[in-house]
Amino acid sequence: MAELLRQDVTEYHKTLLKFKSVPNILNFKSTPLCKTSTMQTQERQLIDQSEDPHVLFVSLSDPHASHPDPSFEAMRTLVVRPSVSVRIPTPWEGKLYDVCSTSCDGLVCLYDFFRLPSIVVNPTTRWYRFFPRCNYQLFAAEEAERDDDSCVVPYPSPGFGKDKISGTYKPVWLYNSAQLGLNDEATTCEVFDFATNTWRYVVPASPHLVIHQDPVYIDGYLHWFTALSQEGETMVLSLDLHTETFQVIAKAPFVHVSNEFNIVMCNLDGRLCVSEEKCPSQVIWSLDGSSEHKTWKKIYSIDLFITSSFFPRHFKALAPLAVVDKDKLLFYDRESKVALVTHDPKTKSYEFAYKSKLSASAVCYFPSLVSIL
């Protein structure tokens, strides 16, 4: 065990040494004096992203253990190549958190549906900051206290990203508020301001209902699937985190989706990707936005017959996490959450990248020194 710990620490230190401005690591602090200096500061704190991203596991627990689970871990980080896993101690051990599906500048956002305050954390430096629940979470908490079986509250997921112009980080909740009787608007959008430590509303919010799945952050924008239309169409809705305006940017490359759990959105190598599970395969498309007319390009196809030997039976589409080792797809099952698998499109082979008895949510990130003061 001691030898394993030394190996883990050694690999962790190797990661830190890859930073630009290495001599300034220990004395460097993020001081946002103005927009330009903030962006320059963040750039200096970012690691060379030519390496594979790391994987952060959140709320690792034994699905068969009684409560409290003695094996519970709040966070653990994984270097995929070589496979090195390190537990990250936190002040919130024993508290069950979920995680936003995409990271931003090495920061990840943890949240609980209604009980706990959210947390933005840097897994590399172990820096973290709590921030309060949004109005939707407070509403959900009140509904939960009623203990009324007739009350059904949907489970939207927040997004986390950055205004690329100002360098400001923003957690966002977008939810179908009219369906809940909260107001007469189709949707409501809340954005958190770290400077004032308060939530505020974005007006107008999205005119389109959304599927309550994890939104995906890419290059200054958050993305959602719109709710399935009567015509069977699904569109991609985008929020510009600088102007805080919504627009539909593309139609999804699939129609007549029978179940919203069969589709998933992700960020692969900084590209917006969508995927549909439709037996016997799950196809992944990448959005090409280089021209005026955006098009979808098929980049991966997962053989569901082969992956059935890697994962137990599942009802949700498999979740692509990242591209590793230049062109291999890293993905996992969002239900069992006990293993990561890589797919090599050249050899059409599959293999475990990570296995555990503990179930955990996963998100990929590139190590950095960024924090939010």
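**Contacts, burial and salt bridges in a predicted model**

Contact here means heavy atoms within 4.5 Å. The model is predicted; local features need pLDDT of at least 70, side-chain atom pairs count only at pLDDT 80 or more, and totals for chains, interfaces and linings use all residues. Residues are numbered from 1 along each chain as its sequence is written, and side-chain values use heavy atoms, with hydrogens and water left out.

The protein has 5 helices and 24 strands. These are DSSP runs numbered from the N terminus (helices: H or I, at least four residues; strands: E, at least two). Of the 373 residues, 53% count as buried. Buried means under 20% relative accessible area, exposed over 50%, and partly exposed in between (1.4 Å probe, protein chains only).

Gln-282 lies in strand β18 (residues 281–288). Its relative accessible area is 0%, so Gln-282 is buried. Its side chain makes a polar contact with the side chain of Ser-275 (2.9 Å). A polar contact is a pair of N or O atoms within 3.5 Å; within protein, one must be able to donate a hydrogen and the other to accept it, and residues adjacent in sequence count only if both atoms are side-chain atoms. Beyond four places in sequence, the contacts of Gln-282 include Val-264, Tyr-300, Leu-318 and Pro-320.

Side chains of opposite charge can pair when their charged atoms come close. The whole structure holds 12 salt bridges, each a side-chain nitrogen of Lys or Arg within 4 Å of a carboxyl oxygen of Asp or Glu. One of them joins Asp-52 and Arg-81 (2.7 Å, N to O). Asp-52 lies in the loop between α2 and β1 and Arg-81 in the loop between β2 and β3, so the pair ties together parts 29 residues apart in sequence. Asp-52 is buried at 17%, whereas Arg-81 is partly exposed at 47%.

Glu-244 forms a salt bridge with Lys-170, with the closest N and O atoms 2.8 Å apart. Glu-244 sits in the loop between β14 and β15 and Lys-170 in strand β9, 74 residues apart. Both residues are buried.

Lys-346 pairs with Asp-327 in a salt bridge at 3.5 Å between the closest N and O atoms. Lys-346 is exposed, at 70% relative accessibility. Salt bridges that share partners also join Asp-52, Arg-81, Asp-325 and Lys-328 into one network.
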